[in-house]
Amino acid sequence: MSGDKILDVDRLTMRFGGIVAVQDLSFAAERKKITALIGPNGAGKTTVFNCITGFYKPSGGAIRLTHDDGKVIALERLNDFRIAKQAKVARTFQNIRLFPGMTALENLMVAQHNALMRASGFTFLGLVGAPVYREAEKHAIDLATDWLKRVNLLDRADDAAGNFAYGDQRRLEIARAMCTEPALLCLDEPAAGLNARESAALSELLLSIRNELGTSILLIEHDMSVVMEISDQIVVMDHGVKIAEGSPREVRNDPKVIAAYLGTDEEEAAAVMESGS
Amino acid sequence: MNTPSTNTTKPATGIRALLKTAFVNALIALVLFSLMVGIRTEAGSDGQLTYWTRFGEVASLVAAVFGGSIVIELLRQWIGSTGAEKLVPAAVQSGMSFVGRYLAPALLIFTLLVPVIFYDQRYILDLAILVLTYVMLGWGLNVVVGLAGLLDLGYVAFYAVGAYSYALLATNFGWSFWVCLPLAGILAAFWGVLLGFPVLRLRGDYLAIVTLAFGEIIRLVIINWQDLTGGPNGVSSIPRPSFFGIPLDNSDNGFAARLGIEYSPTHRIVFLFYLILALALLTNWVTIRLRRLPIGRAWEALREDEVACRALGINTTTTKLTAFATGAMFGGFAGAFFATRQGFISPESFTFQESALVLAIVVLGGMGSQLGVALAALAMIGGFELFRSLETYRMLVFGMAMVLIMIWRPRGLIGHRAPTVYLTKAQAISSDLVKEGHG
């Protein structure tokens, strides 16, 4: 499994009081690949996500992100917005967090805040209508339009995001994360609540993000059809520890994974895993 | 006057249901008023308790509730439940949208002409200046509450900082209004940042309480720092503003003498009117402009969802601070204007009531809407004057009017939100989707 790692999680531990949510978890995500983090409910997947994206400060361990230019950033030392701003890690949320009262286009414009702030001379140049800023704004609108096209929402660009159907909101949230031009895209259950057709469209979108833009993706997902189809590598967690790691094929046939997912009834487990193939 | 049968899923119709609702309401009124109004007690001449009954008044009150319930119920059935399509006939609707489109420019033109139309009515000019001061304060607070969604109950603190900055700089150093005006704004913004740093980690109710306390602290400091501020006596003989260096007075090199026209004290009032109008329009222009810049969009995004903002790499602390500082700066400008208009300021002008009034203007106007805030300021300040003849009942009428407006328009006079950028067509966003902010 040696390759060009973008994310290296080393002995990550997260405690909440006496509860150990994640213990000594180590895994790596490869550059320009899709890595899936799966496991039963309560396994600690979202906690890992929150540690990587700076919403939690890990109790122990290291999370290293290596940019394309070789710069290494210790994510556990950055916090809050800096992970998105400096380390270029973007994320979506399990329960969608769009700006419901703003239009789809505005949502994507907010995502480009830091670039636009610099272009607007921290507001002062923008206030007087400097051409530099107007150019940057046009560029930002172009990028947003491009993403609306990719997620098939261009005709709804001027509608309030809160009015969108569930599946459309999921796609818009991914587009918003991508508008930050991230090095690593973290998706927390992007297929939750989607029907079969929408899931297929999502898989296609994620593959195109990987293939065309070369963005590395880390995702948490329960929908096995999505996970098995698009993942290059899968990390399986249960009770805060890693129980398996490998290609979709390896993981699917791992008895420990099957046991973790469905108790010990291996026959039933095998049936579910098959359905995802 | 309460109508307990607000059954929206299956509206009660028919004369029977109507009478039943009215009867229940009348019964509640009877229970309430029989003791509160029906029996009057007073200390007699020797200190003993005397009482007498006033059943006539009770009867008329209950009858009023009975009649009122029927009227309200009929109105409710005519208007329909909120969100119903049949609300208003199409003709009225198109008329309203026509009015909506031209209301703001028409209001602006009318405002520009006010000193011409009411030149010899000093009372109206003074009232107009007062209304415009509150329009400006409302627009300033709108940045903090309406756009960034930060509930600020201590806005008057920045108004006070601005007023005292001008008053003290002008009386102690003799600096002109035009030098002090930006300084007052900068100082108020500075205090906004100073307050913001420790408190902006708080959210919602907690933020509201701390800002409330900050407003009181500033007022108490002003009262107690007697050497500097004159304490409760205030600062008097604050210089009047000049027309860019030319005094607006009766002297030989005054404004009137230079133009060769007869001096009139109204000149100064008219000048003050246009001064506050210019300041208010500046506030409006800057706010509209900021909304379309990344900083303004970040404010609104912060109101919508703070966690998502952080995930997008937006520094929420500095974003909140800039909102606070911008709002405070406009409050400071308004304060400097207030000081130069009054010529005298004291801590009494900067009580919590002012903060509450400005906040009420913002909420009533529709948080985030510039036109709504202006209309609300006109209604609140102008309307309050309108009811002056009612004397002590003024507050009662006023409170009732506010309750009615908030029932009719829970999200303010203008509740919808206009997008800041669009590809093909800007369409208003319904108030149901727009968040109010949570801290």
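How many bridges join S1(A) to S2(A), and in which direction do the two strands run?

1. **Confidence.** Please keep in mind that this is a predicted model. Chain A has an average pLDDT of 85, and 93% of its residues score at least 70. Among the elements of chain A, helix H3 (residues 104-111) has the highest mean pLDDT, at 92, while helix H12 (residues 266-275) of chain A has the lowest, at 59. I would read H12 of chain A with that value of 59 in view.

2. **The four-stranded sheet of chain A.** Back to the opening question: S1(A) and S2(A) are joined by 8 bridges and run antiparallel. Within this pair, Leu12(A) lies opposite Leu25(A) of S2(A). The two strands belong to an open sheet of 4 strands, ordered S2-S1-S4-S5 (chain A), with antiparallel pairing. Its edges are strand S2 (19-30) and strand S5 (72-74) of chain A, each of which pairs on one side only. On average, neighbouring strands here are turned by 20° against each other, direction ignored.

3. **The six-stranded sheet of chain A.** A further open sheet is built from 6 strands in the order S6-S7-S8-S3-S9-S10 (chain A), and its pairing is mixed. Strand S6 (89-91) and strand S10 (241-246) of chain A have a single partner strand each, so one side of each lacks a neighbour in the sheet. From one strand to the next, the twist averages 20°. At the S10(A) end, strand S9 (residues 233-238) of chain A is antiparallel to S10(A) and is joined to it by 5 bridges. Met237(A), for instance, has Lys242(A) in S10(A) as its bridge partner.

4. **Two backbone angles to look at.** Two residues of chain A that are not glycine are worth a glance. Arg11(A) has a positive phi, near 50°, and is placed in strand S1 (residues 5-16) of chain A. Is Arg11(A) buried or exposed? Arg11(A) counts as exposed because 12 other C-beta atoms lie within 10 Å, and the cut-off for that class is 12 or fewer. Glu181(A) also has a positive phi, of about 50°, but its place is in the loop between helix H7 (166-178) and S7 of chain A. With 15 other C-beta atoms within 10 Å, Glu181(A) is partly exposed.

5. **Chain B overall.** The secondary structure of chain B consists of 16 helices and 2 strands. Along the principal axes, its C-alpha atoms fill a box of roughly 75 × 75 × 50 Å. Of the 439 residues in chain B, 40% are buried. Among contacts in chain B with a separation of 6 or more, 73% are between residues 24 or more positions apart.

6. **Helix H1 of chain B.** Thr21(B), Ala22(B), Asn25(B) and Ala29(B) are buried in H1(B). As a reminder, an α-helix has 3.6 residues a turn, so residues three or four places apart point the same way.

7. **Where the chains meet.** Contacts between the chains involve 33 residues of chain B and 33 residues of chain A. On the chain B side, helix H11 (294-304) and helix H12 (306-311) each supply at least two residues. The largest share on that side comes from H11(B), with 7 residues. By type, the residues of chain B that touch chain A divide into 18 nonpolar, 6 polar and 9 charged.

8. **Helix H11 of chain B.** Among the buried residues of H11(B) are Arg297(B), Trp299(B), Glu300(B) and Arg303(B).

Definitions and conventions. Residues are numbered from 1 along each chain as its sequence is written. Chains are lettered from A and ligands numbered from 1 in the order in which they are written. This is a predicted model: local features need pLDDT of at least 70, side-chain atom pairs count only at pLDDT 80 or more; totals for chains, interfaces and linings use all residues. pLDDT is the predictor's confidence in each residue, from 0 to 100. Two strands pair if DSSP finds at least two bridges between them. Axes are lines fitted to C-alpha atoms, for helices over the stretch in contact, and angles run from 0 to 180 degrees between N-to-C directions. A residue is buried if 20 or more other C-beta atoms lie within 10 Å of its own, exposed if 12 or fewer, and partly exposed in between; C-beta atoms are placed from the backbone. Two residues are in contact if their C-beta atoms, placed from the backbone, lie within 7 Å. Ala, Val, Leu, Ile, Met, Phe, Trp, Tyr, Cys and Pro count as nonpolar, Asp, Glu, Lys and Arg as charged, and the others, Gly among them, as polar.
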